[in-house]
Amino acid sequence: MVIVDTGPVVALLDADDRHHRWAREQFSALTAPLISCEAVLSEASFLLQRAGADPGLPAILVARGMLRIEAVVRSPADALAVGGMMKRYRNVPMSFADACLVHLIERRRRASVLTLDSDFGIYRQKGRGVIPLLFPD
């Protein structure tokens, strides 16, 4: 199972992004749907708009079945877990979207993260486990 961070979504949708080719290769090689969350869609939309691209493009990935969005903060316990992670990694700092993705990983066995963000090499899942990454060379 692959969980997708903001960077690869933006790179896939923005042909001018320096990681566009890598992202296109990853999305083509991996089995859809890939998993993400609404915070990633929000970040990707913002970054695409800032780059002069259509901010509605990330939603099209969901509509086409390439991404499946899962709710992360479904309970008070989830909210505390996400907030606690952000507090623990405040020196990095950890974004809300990153905390949501780590929380998604903790719900699964053998999930990896498709990311451009080296901070995922710092974050740990429950039990201090390293998060497997799909990251460009």
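Mentor: Happy to. A residue is called buried under 20% relative accessible area, exposed over 50% and partly exposed in between, using a 1.4 Å probe and protein chains only. This is a predicted model, where local features need pLDDT of at least 70, side-chain atom pairs count only at pLDDT 80 or more, and totals for chains, interfaces and linings use all residues. Residues are numbered from 1 along each chain as its sequence is written, and side-chain values use heavy atoms, leaving out hydrogens and water.

Let's start with the helix pair. Helices (H or I, at least four residues) and strands (E, at least two) are DSSP runs, numbered from the N terminus. The axes of α5 (residues 76-88) and α6 (residues 96-106) cross at roughly 120° and come within 9 Å; axes are lines fitted to C-alpha atoms, for helices over the stretch in contact, with angles from 0 to 180 degrees between N-to-C directions. The two helices are therefore oblique to each other, the class left after under 35 degrees (roughly parallel), over 145 (roughly antiparallel) and 65 to 115 (roughly perpendicular).

With contact meaning heavy atoms within 4.5 Å, D78, A81, V82, M85 and M86 of α5 meet F96, A99, C100, V102, H103 and E106 of α6.

R109 is exposed, at a relative accessible area of 75%. C-alpha to C-alpha, R109 lies 8.5 Å from M1, although 108 residues separate them in sequence.
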